[in-house]
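I opened this notebook to keep track of what I looked up in the structure, one entry at a time.

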Amino acid sequence: MPGGQDTPAPNPAAVDHLTVTVRGSGSAGTDGTFELYCHPARGNHPHAKKACKKLDGMTRWGRDPFAPVPQGANCTMIYGGPATAHVTGTWAGRPVNADFRRTNGCEISRWSSFEPLLPSTSS
């Protein structure tokens with residue numbers, strides 16, 4: 001390039017970045033807002049390496065791992081507690097804006113499938 005300056009290569013690690021906000025989990029250590037970066041795993045998420053590995057394992061071409069429980073799903077009427085989580089950012093090059101709660105069996109199962117990105121709760 002003119003002037004001897006190179007254009008910096010894109011930073012692929014910046015692509016996989018999630019902000020996780022947890023409330024009502026039953027633990028002051030797991031409630032709060034956490035930043036997670038993957039490839040390599042870093043940030044202030046308490047289980048960054050395990051969360052990145054879990055998300056990598058859930059990622060499949062053409063599927064949204066963060067998709068909500070389908071409307072009309074038959075779910076057991078079990079209340080799993082007041083915990084809620086909101087996840088935003090970018091994963092595998094796609095925007096993420098997902099809400100999690102533990103209001104019935106389907107939502108509890110969805111939450112559990114995202115542990116350790118989301119904290120294990122006492123239900």
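This is a predicted model: local features need pLDDT of at least 70, side-chain atom pairs count only at pLDDT 80 or more; totals for chains, interfaces and linings use all residues.

Entry 1: Residues are numbered from 1 along each chain as its sequence is written, and side-chain values use heavy atoms, with hydrogens and water left out.

**Entry 2: the two ends of that bridge.** R101 counts as partly exposed because its relative accessibility is 37%, whereas E107 is buried, with a relative accessible area of 7%.

**Entry 3: a second bridge from E107.** E107 also forms a salt bridge with R110, and there the closest N and O atoms are 3.8 Å apart. Both E107 and R110 lie in helix α2, 3 residues apart, which is about one turn of the helix; helices (H or I, at least four residues) and strands (E, at least two) are DSSP runs, numbered from the N terminus. An α-helix has 3.6 residues a turn, so residues three or four places apart point the same way. R110 counts as buried, because its relative accessibility is 8%. Through shared partners, the salt bridges join R101, E107 and R110 into one network, and the structure holds 2 salt bridges.

**Entry 4: what else E107 touches.** Which residues does E107 touch, not counting residues up to four places away in sequence? They are V69, R101 and R102, where a contact means heavy atoms within 4.5 Å.

**Entry 5: helix α2.** This helix covers residues 105–113, and its buried residues are G105, C106, E107, I108, R110 and W111. Those buried residues pack against β4 (84–91) and β5 (94–101). At the N-terminal end of α2 I found N104 as a cap, with a side-chain oxygen 2.9 Å from the backbone nitrogen of C106.

**Entry 6: the sheet.** How many strands form the sheet, and in what order? There are 5 strands in an open sheet, in the order β3-β2-β1-β4-β5, and the pairing is antiparallel; two strands pair if DSSP finds at least two bridges between them. The edge strands are β3 (42–43) and β5, each of which pairs on one side only. Looking at one pair in detail, I see that strand β1 (residues 17–23) and strand β2 (residues 32–37) pair in the antiparallel sense over 6 bridges, and that L18 has L36 in β2 as its bridge partner.

**Entry 7: helices against the sheet.** Helix α1 (residues 48–58) lies across β1, β2, β3 and β4, and runs at about 65° to β2; axes are lines fitted to C-alpha atoms, for helices over the stretch in contact, and angles run from 0 to 180 degrees between N-to-C directions. Helix α2 packs on the sheet as well, touching β4 and β5, and its direction makes about 130° with that of β5.

**Entry 8: the chain as a whole.** I then read along the sequence and found the pattern β-β-β-α-β-β-α, with 2 helices and 5 strands in the chain. Of the 123 residues, 34% count as buried. Among the contacts in the chain with a separation of 6 or more, 53% are between residues 24 or more positions apart.

**Entry 9: backbone points to check.** Most residues other than glycine have a negative phi, and most peptide bonds are trans. I looked up the following against that background.

- H39 and P40 are joined by a cis peptide bond, with omega about 5°, and P40 lies in the loop between β2 and β3.
- H39 is not a glycine, yet its phi is positive, near 70°; H39 is partly exposed, with a relative accessible area of 41%.
- E115 and P116 are joined by a cis peptide bond, with omega about 15°, and P116 is found in the segment after α2.
- A92, in the loop between β4 and β5, has a positive phi of about 55° although it is not a glycine.

Note on methods: Buried means under 20% relative accessible area, exposed over 50%, partly exposed in between (1.4 Å probe, protein chains only). A polar contact is a pair of N or O atoms within 3.5 Å; within protein, one must be able to donate a hydrogen and the other to accept it, and residues adjacent in sequence count only if both atoms are side-chain atoms. A salt bridge is a side-chain nitrogen of Lys or Arg within 4 Å of a carboxyl oxygen of Asp or Glu.
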